[in-house]
Amino acid sequence: MTTHKAHCLMLPYPFQGHINPMLQFAKRLQSKRVKITIALTKFFLKNMKELPTSVSIEAISDGYDDGGRDQAGSFVAYVTRFKEVGSDTLSQLIQKLENCGCPVNCIVYDPFLPWAVEVAKNFELVSAAFFTQNCAVDNIYYHVHKGVIKLTPTKNDEEILIPGFSSTIEASDVPSFVISPEAERILEMLANQFSNLDKVDWVLINSFHELEKEVIDWMSKIYPIKTIGPTIPSIYLDKRLHDDKKYGLSIFKPMTNECLNWLNHQPISSVVYVSFGSITNLETEQMEELAWGLKNSNNNFLWVVRSTEESKLPKNFIEELTIEKGLVVSWCPQLQVLEHESIGCFLTHCGWNSTLEAISLGVPMVAMPQWTDQPTNAKFVKDVWEIGVRAKQDEKGIVRREVIEECIKLVMEEEKGKLIRENAKKWKELARNVVDEGGSSDKNIEEFVSNLVTIS
Ligand code: UDX
C-alpha cells in the first residue's frame, strides 16, 4: 500500500485544454507519492469519454449540471455563476474528504477560478495557482490587470512595449482579447486571475525556464513563480519511465487505431498533422481554403476535424479523398501522433498545449493562430524559438490555400526550413532535460512536494 506524503485537491477549469496539463501535473505529483483528487464539474464528468484509473475524481457543481457551459450564454456569465455555486460545493467536498479520513493539504487551482484561494484560506490549506498558459501570455494579462496595457483596438502592426519582454511586439501578436473592444468583459475576467495572487503560496506555470527565461525572471520578482512544464506524460520524454500513454480525461474519443495504422504506412517525416484543438472553430471559408491547401500540397496529411466542424468541409471532400493522400478523423491521440516518425510538421492553431507538445516532441510547426493566446504563442514559435513559420492572413483574416501550401513546403522540404527543423530537435532535447532528475522543472516540483510534506 502506498503511503502518501500529502493530499492535493486539484480544480481545473473545465476546458479540455486546461484539464490535460492539470491531469499530467497530477500524475507527476502522484509519482512523488502525493495523493491526488481532481474536482470536476458534474456536467463535464457526465460527458467524459475517457477517465483515468490512477487518480480519484470527485464532482462539484458550476451551476450548470445539466446543460454545461453553453447554457450560460457567455464566458463571463459562466465564470460568475461558477464562483457562486463552486465555492460552496468545493467546500463541501473538502469537508467530505476530511470526514472520510482523507484530509486535503493543498488546493491547486486554475486561476480562471480565483475564488478557490478564499476556499483554501477558509480551510487553512496551502494554495497553488496553476497557469495553463505560458509566462509571456500571463505577463500580458498581468499588465492588463495593472492597467499598464489598456484594451486597444489598434492597427495590427502597431508596436507595443511590455515590461518583461526584451523587445516590442506587434498588436497582432498579443492575445486577441486585448485588441477586441467587444471582448472587454472577457479581458476583465482574464486580468482577474491576478486579483488575489498575492495571497497564494505558489504560482505554478506550465512552461520551462529555458523556454522563456527573460519573462519568467521578470515575473519571479513579483510572484513566487515555479515553472513545472512541459506537462506531458513522462513516457514521452523518457522511454525508461512507465507511464500511461493516454491523457485519460477527455470528452472526445480518440480514433487511435485508425490514426496509428494509417501513419504506420507513411514514409518517415512525410505527413502534415493538422489540428485546431478542442474549442477553436474555423470560418467555413477558412475551412475550405485549408482543405484545398492540404489537398494541393505535395504531402499527405492527417487532419482532426471535430464532428461539430465537419459540415464546414467542402462538399464531397471526404468522399473524394483517397486513403493514400489523407485521413480526416474526429479526434486523435495527439501525443502518439506527434511522436510518430512519419510526422514531418504540425499545422496548428498554437493552443499552448499543442505548442508545448510539439516542442517536447521536436515537431516543427506551421502556425495558424485564431484567437485568445494563440497569436502570442505563434510569435514565439516563429521569432523567438525559430521552430516554425506563421501563415499570413489576408485582409479578410483568411489564410489562403497558396499560403498554406507554401508554408508546408518551407517547413517540410526546403533548405530555408532546415534551421527550423534543427531548432525543433534542439528544443526537444532541452524539454527532456528540464523534467529529468535535477532539471529545472523537476527541481521545482521536488521543492513544491517537500514543502507540502513539511506542512502536512
Ligand atoms: C484552449 C485554447 O484554445 C488555447 O489557446 C489555450 O492555450 C489552452 O486552452 P485548445 O484550443 O483545446 O485549448 O488547444 P490546446 O491548448 O492545444 O489543447 C488541446 C489539447 O487536446 C492538447 O493537449 C492536445 O494534445 C489534445 N488533442 C487535440 C488531442 O488529444 N487530440 C486531438 O485530436 C486534438
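**Close-up 1. The loop that holds Cys350, between strand 13 and helix 14.** In this predicted model, Cys350 is placed in the loop that runs between strand 13 (343-348) and helix 14. The backbone of Cys350 has a positive phi of about 70°, although Cys350 is not a glycine.

**Close-up 2. The shell of residues around the ligand, with helix 14 as a contributor.** There are 23 residues around the ligand, and those that come nearest are Ser278, Cys332, Ser354, Glu357 and Asp373. Helix 1 (16-31), strand 10 (271-275) and helix 14 (352-361) each supply at least two residues of this shell, and the largest share, four residues, comes from helix 14. When the shell is sorted by class, 14 of its residues are polar, seven are nonpolar and two are charged.

Close-up 3. How much of the ligand's area does the protein bury? Taken alone, the ligand exposes 650 Å², and the protein buries 98% of that.

**Close-up 4. The cis peptide bond from Gly229 to Pro230.** The peptide bond that leads from Gly229 to Pro230 is cis, and its omega is near 0°. Pro230 has its place in the loop between strand 9 (225-227) and helix 9 (234-237).

**Close-up 5. The packing of helix 11 and helix 16.** Helix 11, made of residues 284-296, packs with helix 16, made of residues 401-412, at an angle of about 45°, and their axes are 8 Å apart. Because of this angle, helix 11 counts as oblique to helix 16. The crossing of helix 11 and helix 16 is right-handed.

**Close-up 6. The crossing of helix 5 and helix 8.** The axis of helix 5 (residues 135-145) and the axis of helix 8 (residues 213-220) come within 9 Å of each other and cross at roughly 45°. This angle is why helix 5 is described as oblique to helix 8. Is the crossing of helix 5 and helix 8 left-handed or right-handed? The crossing of these two helices is left-handed, whereas that of helix 11 and helix 16 is right-handed.

Technical notes: Residues numbered from 1 in each chain as written. Predicted model: local features only at pLDDT ≥ 70, side-chain atom pairs only at ≥ 80, totals over all residues. Heavy atoms only, no water. Near = heavy atom within 4 Å. Areas by Shrake-Rupley, 256 points an atom, 1.4 Å probe, with all protein chains shown as cover. Nonpolar A, V, L, I, M, F, W, Y, C, P; charged D, E, K, R; others polar. Axes fitted to C-alpha atoms, helices over the stretch in contact; angles between N-to-C directions. Parallel < 35°, antiparallel > 145°, perpendicular 65-115°, else oblique. Left-handed = near helix turned anticlockwise from the far one by under 90°.
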